[in-house]
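Here is a friendly set of questions and answers to read alongside the model. Have a look at the fold, then see how your own answers compare.

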Amino acid sequence: MVNRLPGFKVDLGKSVRGFSGGAGNILIDGARLSAKSGGLKEALLRIPAQQVAYIEINRSASGVGDASGKAMVANIVRVPQLQAGQYSITLSKAGQDVLFPEAQISYVTQLGQWQSNFKGDIKFKDIPSQSEYELTSQAGRHLNNATEVKKESLNEIFISGDASRQQQDEQQQFTFRVGKSQYRPQLQRTTTTLNSIEVLHNDRDSVYHTAEAGFNWSLPVANWRLKHLGIVNFTHWTVDRQTEAFIDTMPRYENYDFQRNKWESIYRGTAQKKHTKSSQELGVELTYNYANNNTRYLKTQNNVQQVVQLPAANVEIKEQRAEVFYNHAWQLDSTTGFNAGIALEHSSIEVKGDASNQDDYLFIKPSLAYSHQLTPQWQGQVQFNRVVNQLSFKLFAAQSNAEANRQQAGNPALKPDSYYRLSVDSNYQLSDKNVIKMTLFGQWHQDGLEYQILPSGAEGIANGGNARVMGINLDVSLGLDFVLPNGVMDIEFTTQKSSYSDPITLTDRAINQQQRPTLKAQIRQDIIAHDFSWGVNYIGKNTRKNYYVSEYVELKEQEDFDAFIEYKGFGSSVITFTVSQLNRAQSMQYRHFYSPNRSGVLSQSELRDKRHERVVSLNYATTF
């Protein structure tokens, strides 16, 4: 439903530190969700269609609290004391592979005073692909060819739920999610040279267990509304990788085992007060994060086993963080709103084990937002804020990638990267179906994460200095009634340009992992008289670049299409037939190797042409 709101772009929240700034732009019954695992998307999938009373859109930055400062916020208001449910079953097939199923069920009921939503889903998925490799020398001379067959299997089972109640002016909500996800890519790569044939088998079994519980309690005290929000989350992640390589008849074996236990706990308390034309909020957020990473890496050749020493392979990380903040919002008149806020964050990160370090950080995070309704159809907003990103704890520990033949050391001295962002939004709604939204933005990054030689002497992720990013987002919804009755076209386009001073080559380049441009388009027509819908999705070409110490990688993804037809003529049931990756999700990857690093000379280049199989899916969904 929210995906089809004209001119509304769903923001499911960002992976930022704690709760601050990560709420997204969707509220449920006027409140944010007390969850991070599965996030807002999981909560939306728990709500059956018949439980939605209505969805209201707030097109102003005015106000404090949940999702404040957003140009547009959708609030899903649920029907109270409802008992209903829905389930769906999907059968999919990729190429010549067997069918793989997926099932999902959600149920809402009243348990005493508690309105309760539950969801369970199970998924089995196989993704086959084929790749062709060519390795060439500096002079372009052919060195070898390789063919690769790969199958990525994904098996998941999750159960989640939330329960909420309201007693007079007091609101309470509890959430939970538990589950398991197993990702197992298996590949065989055959490399042929003039003198030999090498066959590589790689079997990687990654298993992820998670459990999370959260609460949200809101109550009035005098002229203030107090809110208490908290979660506890535990994850257990293991990787077991078995690699075999045969050069003619000479075998080589690798065993790589990785295990991580991670604990995250967050509490956020706020006090809010509303006046006639303004509102204010003050609060505190406390966080404790813990993770231990353990790695074992063995190589066996000629019946001789060797332990591979990876820097910072076994480490323990503790992070304690406290933040105090204050926000004030003014409704200057019926068309103008202004928000201002400040947050002070203190963070302490301690690393022990194979490598050790302890650092304290202080971040000052201002935020400003000004919105103005220029005409009844046209709204503008200017926003400025600072975002501090959450560090991935796996970067503190060593990692190994057999497919790319790349090792990465852990870095105990990592600190959070951050950026200041200035954005100008324009939202013009010509009619219910015709909306144009444009955002111009600039980001000034500090302590960005880049690949460098660490003090251990090995390559790894480190804080690499400052960078600048400039870009534009364009979202357009167009009614197509003049050619397709009840038809609509949605277009999303993003392009950006970044500048970073490379410490290896001493030249300016783009930041790592920047993807540009991105273009998505969808045409959908609902033929209401016949309970029939159809649509086509388009994904445009894009390029992503990675800069390692002695390697430069450029990934070019080709354009692709999805298509679907949908029939609703069976009462409350819907049948959907989908064909995905019509262009087989083709991508071209260029790897360029330099000696001794990217400031040196080009030694070799590798080209990979990868294609996936088309996926055909049949989905049946119904309510009960």
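Strands here are DSSP runs of E with at least two residues, and helices are runs of H or I with at least four. Keep in mind that this is a predicted model.

Q: In the open sheet of three strands, what is the strand order?
A: Strands S1 (26–28) and S2 (52–58) are the edge strands, as each pairs on one side only. From one strand to the next, the twist averages 20°. The pairing is mixed, and the order is S1-S3-S2.

Q: Which residue in S3 is the bridge partner of asparagine 58?
A: Strands of a sheet pair through backbone hydrogen bonds, in a parallel or an antiparallel sense. S2 and S3 (residues 73–78) take the antiparallel sense, over six bridges. Asparagine 58 has its bridge partner in S3, and that partner is valine 73.

Q: How many residues apart in sequence are the parts tied together by arginine 78 and aspartate 29?
A: Arginine 78 and aspartate 29 form a salt bridge, with 2.9 Å between the closest N and O atoms. Arginine 78 sits in strand S3, while aspartate 29 belongs to the loop between S1 and helix H1 (39–45), so the pair ties together parts whose separation in sequence is 49 residues.

Q: Is arginine 78 buried or exposed?
A: Buried means under 20% relative accessible area. Arginine 78 has a relative accessibility of 8%, so it counts as buried.

Q: Which helix holds glutamate 42, the partner of arginine 177?
A: The closest N and O atoms of this salt bridge between arginine 177 and glutamate 42 are 3.7 Å apart. The pair links distant parts of the chain, 135 residues apart, with arginine 177 in strand S8 (residues 170–192) and glutamate 42 in helix H1. Both arginine 177 and glutamate 42 are buried. The helix asked for is H1.

Q: What is the relative accessible area of lysine 352?
A: Lysine 352 forms a salt bridge with glutamate 350, the closest N and O atoms being 3.6 Å apart. Glutamate 350 counts as partly exposed at 29% relative accessibility. Lysine 352 is also partly exposed, and its relative accessible area is 41%.

Conventions:
Residues are numbered from 1 along each chain as its sequence is written. This is a predicted model: local features need pLDDT of at least 70, side-chain atom pairs count only at pLDDT 80 or more; totals for chains, interfaces and linings use all residues. Side-chain values use heavy atoms; hydrogens and water are left out. Two strands pair if DSSP finds at least two bridges between them. Axes are lines fitted to C-alpha atoms, for helices over the stretch in contact, and angles run from 0 to 180 degrees between N-to-C directions. A salt bridge is a side-chain nitrogen of Lys or Arg within 4 Å of a carboxyl oxygen of Asp or Glu. Buried means under 20% relative accessible area, exposed over 50%, partly exposed in between (1.4 Å probe, protein chains only).
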